[in-house]
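Reader: I would like a close look at a single part of this structure. Please take the sheet and explain the terms as you go.

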Amino acid sequence: MTGFARRERQFPWGLLAWELRTVNHRFLEIGCRLPEEFRGAEADFRQSIAGAVRRGKVDVSLHFRPAIATNSLEVDADLLGRLTERAQQIAAQSGAAARIDVMEMLRWPGVVRDDTRDPVPLVAAAHALLGDALAELTRFRDSEGGRLRDALEQRCAGLMDFAAKVVERLPEVRARMRAKLLERIAQLVSDINQDRLEQELAILAQRQDVDEEIDRLRGHVTEIRKTFGVAEPAGRRLDFLMQELNREANTLSSKSQDIETTRAAVEMKVLIEQMREQVQNIE
């Protein structure tokens, strides 16, 4: 399910900002981009994210802008020299003059060190701010989930309407099929065993009966509606129910002996495919 959240906060030692983006994915996949100061806490950050997001591709970025205290800063002159030399080499290879931005160089990880900065409060603050960002992300995804639920409910209602139309036509379809078969048999055979004929007609009607498919389809719709009120993730369960709905619609279409029933089955499959695409967005 798609979502976005951003939370930032200014501290005496600098600015922290989390950005979280989620898109659809069959499983949970987390990608983290962290400053060097927070690399050691990546596993804990991932655990917090996995506790809030069960399914989807999650891109997470933490931005850190430290407050500058010049009396406590140390510059790694060797690293800075190597970066400058490499930049000049690349510029020479491209045939352009080297344009070195000093501030960009100083932002390179490891060039500037602040040995007086305690990493413990930084990581603790990042954890707390991540919790706020995850709460915002959850609210965003809940809002989208409500829209998806409404869309699924509309299509469930459409399936039930088409199922009702099929059931309404069944007596007429059966009577017409019986009359047509009797007429053909009478044209081909003059001496008919009526009891045997009735047995064969009953067997044929049973093979073409769609009552079971309609009942199962209605049952699957009921199960889908039940998932709307549950708290746990329902995406995989809905995936399965979409497969079952599609199977019943296909069987209904193959058994159909009536053009209107066939049309209803086709419309059902259109609705089911729309639902299947929407279910991919659900956790």
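Author: What follows describes the sheet, the helix across it and the cysteines. This is a predicted model, in which local features need pLDDT of at least 70 and side-chain atom pairs count only at pLDDT 80 or more, while totals for chains, interfaces and linings use all residues. Residues are numbered from 1 along each chain as its sequence is written, and side-chain values use heavy atoms, with hydrogens and water left out.

The sheet is open and has 4 strands in the order S1-S2-S4-S3, with mixed pairing. Strands (E, at least two residues) and helices (H or I, at least four) are DSSP runs numbered from the N terminus; two strands pair if DSSP finds at least two bridges between them. From one strand to the next, the twist averages 10 degrees. S3 runs parallel to strand S4 (residues 56-66), joined to S4 by 6 bridges. Glu-29 is opposite Lys-57 in S4.

Helix H1 (residues 42-52) lies across strand S2 (14-23), S3 and S4, at about 140 degrees to S3. Such angles run from 0 to 180 degrees between N-to-C directions, with axes fitted to C-alpha atoms, for helices over the stretch in contact (heavy atoms within 4.5 Å).

Cys-32 counts as buried because its relative accessibility is 13%, where buried means under 20% relative accessible area, with a 1.4 Å probe and protein chains only. Cys-156, at 0%, also counts as buried. The count of disulfides (pairs of cysteine sulfur atoms within 2.5 Å) is 0.

Terms used:
Buried means under 20% relative accessible area, exposed over 50%, partly exposed in between (1.4 Å probe, protein chains only).
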